[in-house]
Amino acid sequence: MSLNIDDKKNIQTLQSEFNALFPYLRLMLTKVVPGHDSSAKNSTNQLQIVDDTPLLDYKIANPETPFCIYPEMTVAELEQQFLQRYGLEPIILRKSGNVWIEASITDDWTLEEQNTQGELITKQMNERNKPSTGI
């Protein structure tokens with residue numbers, strides 16, 4: 001399974017489709033503020049994009065090859081594609097129990113590996129937090 005990126009697709013739809021494909025991951029897109037160091041990940045350099053704007057409004061490059069998100073793609077590859085094509089920096093969050101953590105240290109993992117780890121950790125934490133029924 002893969003997710004085709006269509007320039008006409010709005011960001012909310014893209015995020016919903018991404019989450020349907022990877023239920024233990026979240027995709028956030030940020031726009032780097034011009035003149036700031038994009039390698040410094042903090043809120044003063046980036047603005048989160050949360051709207052129904054089509055991806056086409058952010059497009060900066062027109063490569064001939066289609067862009068698809070697929071399970072074997074690494075987080076780093078996903079980041080590179082969004083930066084090159086749209087000037088957007090994706091942030092991948094992985095579910096860990098009841099919280100979402102940024103998957104920045106493991107950006108060499110595939111999206112499938114990230115999703116599987118999120119599922120395993122979440123299920124383990126949910127099992128530990130189940131109330132015991134002592135008889």
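Helix α3 buries Leu 111, Gln 114, Asn 115, Gly 118 and Thr 122, where buried means under 20% relative accessible area, exposed means over 50%, and partly exposed is in between (1.4 Å probe, protein chains only). Looking down the axis of α3, these buried residues sit within an arc of 95°, so they line one face of the helix; the arc is that of the directions from the helix axis to the C-beta atoms. Over on the other side of α3, Glu 127 and Arg 128 are exposed.

A word on the model itself: it is predicted, so local features need pLDDT of at least 70 and side-chain atom pairs count only at pLDDT 80 or more, while totals for chains, interfaces and linings use all residues. Residues are numbered from 1 along each chain as its sequence is written, and side-chain values use heavy atoms, with hydrogens and water left out.

The chain has three helices and six strands, taken as DSSP runs numbered from the N terminus (helices H or I, at least four residues; strands E, at least two). Along the sequence they come in the pattern β-α-β-β-β-α-β-β-α. Of the 135 residues in the chain, 39% are buried.

Back to α3, which covers residues 111-128. Its 18 residues reach 26 Å from first C-alpha to last, close to the 26 Å expected at 1.5 Å a residue; the expected span is 1.5 Å times one less than the number of residues. The buried residues of α3 pack against α1, β2 (25-32), β4 (68-69), α2 (75-86) and β5 (88-96), with contact meaning heavy atoms within 4.5 Å.

Helix α1 (residues 11-21) has its own buried set: Ile 11, Leu 14, Gln 15, Phe 18 and Leu 21. These cover an arc of only 125° around the axis, which puts them on the same side of α1. Ser 16 and Ala 20, on the other side of α1, are exposed.

As for β5, eight of its nine residues are buried, leaving the strand mostly covered. β5 runs antiparallel to β2, and seven bridges join the two; strands count as paired if DSSP finds at least two bridges between them. Across this pair, Met 28 stands opposite Ile 91 in β5. β5 also pairs with β6 (residues 99-102), again in the antiparallel sense, over four bridges. Here Leu 93 has Glu 102 in β6 as its bridge partner. The hairpin of β5 and β6 has two residues between the strands, and Gly 97 takes a positive phi near 75° there.
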